[in-house]
Every structure is written in structure tokens, then in C-alpha cells.
Amino acid sequence: MILKTVQIKNFKSINDSTEFSVDANVTCLVGKNESGKTAILRSIGKLNSTDPSATDFNIFEYPRRFMMEYQQRANDEPAEALTTTWDLSPNDVAYLEPVIGPAARQVQMIKIQKGYDNKTVLTFALNETAIVRHLISSFDLDQEELQAVQDLESLAELHRTLSDMEPRSDRLHEVFAAVVSNFRTNNAHETVAHMLLRRLPKFAYFSEYLRMPGQIAVNDLRARAQTNNLDEGDQVFLALLETVGRSVDDLERVDQHEMLTAELEAASHRITQEVFQYWSQNQDLRVQFQLQQAFPGDPAPFNEGWIIRTRIQNTRHGDTINFDERSTGFIWFFSFVIWFNHIRSNPGENLILLFDDPGLSLHANAQTDLVRYFEERLAPSYQVIYTTHSPFMIDPSKLYRTRTVENVLTPMAEGQLPGSGRDQGTTVGDQELSTNQETLQPLKAALAYEVSRSFTVAEHTVLLEGPTEVLYFHWLNRRLESLGRTTLDERWVVTPGGGIDKVGAFLTLFAGKDLRLAVVTGANGITGSDSDLRNSELLRQSRVLTFDKYIGNRPGNRPPGIADADIEDVIGRRNYLDLMRLAYNLQHDDIQTTELSGNPSAKVVEEAENLVTSLPGGPGRFAGRFDRYRAAEFLIQQGPDFSLPEMDQALTSFEALFQDLNAMLD
């Protein structure tokens, strides 16, 4: 059976969630803390939980602000809580067909409800007449036998007619026996409902607290198991034991210690292999189990009896540490795989997996690994529903699977006391996502990250400060190509970083083992307010080139080595001022003074700005306004034969820059 929609009412923070759809593979519920995400999963799980203690709706889970009123009518009018709709899978249809025949293929939507009376009610359309016709046709009745039953339209009528018929022919007796044996109380709907309930998937709930402890005192574990006082971590360890067919009692059998340890390590090896298919953070970890006598000086309960300790070996360094001392992210992921393997160990188990804020303790890359695990390992066999407020747990390519969760509060009217606003409770956005910016923040962050990757990051990326630099790069590369000189390797993708102050953020987001990133920038941008950035390991790994190294010794240019150089300084003073003249439709007289007597220590773009803003007004002159982009825009519109006063020197400088970038690809 495939879960299609869910609607929750009267549960904890939820008055009415509104109906929301569930994806056939993976559904992501996004919402901020305290929005009611956990309540949604807990409510869904109560339909048919793998945990017997979590299947009933309890009056204490009714929204507290309405509880006293509800208590007065709870016995006579139990409140509704959960409404779900389902589609039959091909296997479900095949399961029903031997009993109801072709009518199984006509069963469309199934509604399953459960309220505070904790009765599970199924509603669906069923053609009982077609079932009767199929049943009758299954037996080779002669004309007289057929005439006795052919006009009957319900199983109740068929049962009553045949039970009153004395004597019955052998074939009609077989029909009667089939009605009695296959249909409960001669009711097709009740029979099919009972069959579908047997097919109803179980809901397995996983929380962030699902973590196996690093050491367990056997005596203490047994005592707590006898009083049914085990926590989630204990359950994970017992699940590990069950994967090798062992019990707690086996832990104290000295003659079994070596065999038990070997079996646990074999199970751990299998689980570790599965974990490391999707754990990219550290591939050098291995799990070890040690069964030891307690030391009297250890804290209780680890000071008596047998203690089983789980340790993690780092094969790169050769050392081992207690399982509890590893990152909480690794502990959670390893524990989850143990628990999941235990739950699915029942052959044919039909499960829907509920994850409550999974991977909170995971690094961003590990969260992405976890989403990939959901997609590749779980979704082919199980429906997955998980909650999150992390952008790295959202797949931007599958936003149709995302639902927003928020606790809606109608603002209080003017003059009302604080707290007077009407609390509408937790709602889930389906076709229309929330308009609450805090709720949407993870979605916006995930989208922004993905869009920026798709538009700006290739396998080999040259990061420039802005679009001005990109235009210069493209034209000068085209001119060098026309002359048969060295050009920028076509594997490089040139992209703007959105300003020099964004370089650090860009590198932090995108520098990775799968990218070759180079930065070409004005040195001042990383030696000013971000003095540590230029010398950081991040920049060294990402490869940063600064324009000051490519200025060259040209008359009137800034001396080589001055840190705060721009790309215009590499183009050269005379070249750039001539570009400005053409771009702004200036006269030679306008730029002559600046061209001949410029300050060698000043940046040429600053001098150009001073020149343009000082000119008198006139048609087409853009007096008083300076746009650094305008000269680059003019140049990119020119053909490769366009020339400037000192074009050869500029081409030589950029050829050297392109050669240095190309060398990074070797």
C-alpha cells in the first residue's frame, strides 16, 4: 500500500494540519524549531507503529488548551485524529484477487482513519455485485444451479439463499463453502478491510536520540530489560545482538565470549561496509567489540560483572577510542544502520520510515550523504518521511517532495493583551508553501546554494571579482586566439564572485575535492580587512593570483608589486584611458592631461573616475556619473582586430596570466 495523503487533527500542537500529500518515495517536512514537526511524525506513526507502546492516541495528547472541554465528551464523542489515504500497489491487488477477483483492480482510493477511540476504520468503494458474479462464475454450475443464484447481488443474499436451500447440489455446496470460508460475516467490505489491514505498512520512527552506548554493563542491562526500562540506545545494542542470533544471557557465558565477539565483529563489519558507502567524512574507521570483566574502581554500573565495550579504530593513525568519544554524527548514523537492519530483518516487512530531524549532529557534507542514503538505499523499497530545518537536508532538484510546517498564530488585535492572538496550531503547506520567511529559510538557502553551483561552479573555475573582469578576460582571450598566442585553457570556466568581499564565502561554500578553483583578484582585497585570508590554507589550496604580478614595466603605469592593483592596471593606463574615451564619447583633450601626467601610485580606475566626474555636462557624455563596467562593455562589443595604444604590452601581461592559470591544470 502506498501512502498518498495525511491530515491530522486534535493532536498536541495540531488543531488541523490540513490535508497534505506524501510522495511515493521521499517526503521532506521543513519547519523551524517548535513548529510541530515531531507531532506530525508521532501522529502518523500511531496508525501502525513498530513500537507497540506508540500506537494509541491518549487523551493527554489532545491539545491542552481544549483538553478540559474535551474530557467532558471524550467517552461519548471521541475526537478524530488521523486521516490517511492510500493507493493499492500491484502486489496488494494480486493479494486480493484470489478472493474478490477482478473487483480488486477497481479498488481505487482507500481512506484509513484513527481517532481517540483508537479504532482503525477503512473506507473504500467496492463493487460487491461484481464479487458475487466472480464467485459464481468460478464454479461450473449448470443452468438450473445458475438460475438459482444469478440474480443475487450481495454476499449476504447469496449466503442466505444457499443456507436455506435444501438439498444443495455438490457444486452449490462448494459455492456456499467458499462464501463461509473466504468472507467474514458474509460481508465483502469487512473482509477486504481485514485483508488490507494485514497489508498496512508499519511505521518505524527514528529520532536524533537513537544512539548505541559505547559501553554496557550486562547485569544492569538485564535488570532493566526485566523491568521494561530500556532506552533507545539499549534497544540499538539488543538489535545488534539479534542480528547474530544472541541474547543478553549469552554475554555472561564465558565459553561463548570468543565466538560472541567474533559474531559481533562480523555483523559490525557488514554494517560498517554499508555505513561507509554513504559516510564520506572519514573512511579510515573500523568498529571493534571487547567483552571484559569490570574493574571495581569504575563508576557504577560498570564496576561489576561483564562489560561490553565498543571501540572505534582509526586505521590511518592506528589508535582506538571509545565509541562514545566519536562524533555524535557518526554514532547516530552507525546506530541507525544497526536499528534499521534489525527492523527490516523480518522478511516481507512492509515499512514506512519516519525520521525526526535526522542528522542534526552531522556536518553539511554528511547531511548530503544522508539524503543520498535515503534516496538510493531506502526509497527503492520504503516510503521515507523526514523532518528538518537544515538546507543541506533538502534536495533542491526535488522540491516537489518538500512540505512546509509552521505553527500559525493570528496576530492579536490592537489593544489586546499579549497572548490574545488566536493560535491556529501546526499546519502543513502542500501545493502552497508557507509565506513565513523563517519557515522558508532552509528552502531558500538550499535553492541559493544549488543555483549558485549550477551557474558559477564548474569542475575548473576561475573566480573573478565581478562581471567587469569577466568581460575583459573574454575579449583579451579572443584577441590572443586570433593571433595564435597562448589562451586560457577551455576547461576553465570564468565566473564572477560577486565582489572581492565575497571571495572568502565563495571558497568556503564551493572549494572541495571535486573542484579545481582558482582566484584572480586585486591583492588589496585580501590584504586589507581580511589580512588572514590571503595567507590561509584555504587560499593556498584554491590557488590565488593577484593582478599586481602582471602589471609589467610600462611608462606611466603603476610600478609592479603595488598590492592594490586592479585588472585595469594590467590593461595599462594609456589603454584604459583610451577605452574610457571611446566608451564615454570623450575628446582627446579630455583625457590628455590625465594620460600624460597621471600619478603612478594611484590606480588608473580611480583616476578615470575623477576625470569623468569632473567633466562638464553634454549630450552623451554621462558627466558626473562613472560606471566601471562601461569600458568593459564597450570592449566586448569590438572585434578581435580592435586595437589600443599599448595593445601588445597588455596582451603579453594577460598571456602570462593565462599561462599561470593553465599550469594549475597539470
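Modeller: Happy to. Two strands count as paired if DSSP finds at least two bridges between them, and strands and helices themselves are DSSP runs numbered from the N terminus, with at least two residues (E) for a strand and at least four (H or I) for a helix. This is a predicted model, in which local features need pLDDT of at least 70 and side-chain atom pairs count only at pLDDT 80 or more, while totals for chains, interfaces and linings use all residues. Residues are numbered from 1 along each chain as its sequence is written, and side-chain values use heavy atoms, leaving out hydrogens and water.

Strand 19 (residues 516–521) runs parallel to strand 20 and is joined to it by 3 bridges; Val519 has Val544 of strand 20 as its bridge partner.

Helix 21 (residues 573–584) packs against helix 24 (residues 628–636) at an angle of about 85°, with the axes 9 Å apart. That makes helix 21 roughly perpendicular to helix 24, a label for angles of 65 to 115 degrees. Contact means heavy atoms within 4.5 Å; helix 21 contributes Tyr576, Leu579, Met580, Leu582, Ala583 and Tyr584, and helix 24 contributes Arg628, Arg630, Ala631, Phe634 and Leu635. These residues divide into 9 nonpolar, no polar and 2 charged, where Ala, Val, Leu, Ile, Met, Phe, Trp, Tyr, Cys and Pro count as nonpolar, Asp, Glu, Lys and Arg as charged, and the others, Gly among them, as polar.

Rings of Phe, Tyr and Trp (its six-membered ring) pair if their centres lie within 6.5 Å, and planes under 30 degrees apart are stacked, over 60 edge-to-face and the rest tilted. By this rule there are 22 aromatic pairs. Phe11 and Phe57 have ring centres 5.7 Å apart and planes at 85°, so they are edge-to-face. Phe11 sits in strand 1 (residues 2–11) and Phe57 in the loop between helix 1 and helix 2 (67–71), so this pair ties together parts 46 residues apart in sequence. Both Phe11 and Phe57 are buried, meaning under 20% relative accessible area, with exposed over 50% and partly exposed in between (1.4 Å probe, protein chains only). Trp332 and Phe336, by contrast, are stacked, because their centres are 5.6 Å apart and their planes at 10°. They are 4 residues apart in helix 12 (residues 328–343), about one helical turn, and both Trp332 and Phe336 are buried. Ring pairs link them into a cluster whose members include Phe206, Phe333 and Tyr386.

Finally, a backbone detail: a cis peptide bond, with omega about 0°, joins Ala300 and Pro301. Pro301 lies in the loop between strand 10 (285–293) and strand 11 (306–314).

Notes:
Axes are lines fitted to C-alpha atoms, for helices over the stretch in contact, and angles run from 0 to 180 degrees between N-to-C directions. Angles under 35 degrees count as roughly parallel, over 145 as roughly antiparallel, 65 to 115 as roughly perpendicular and the rest as oblique.
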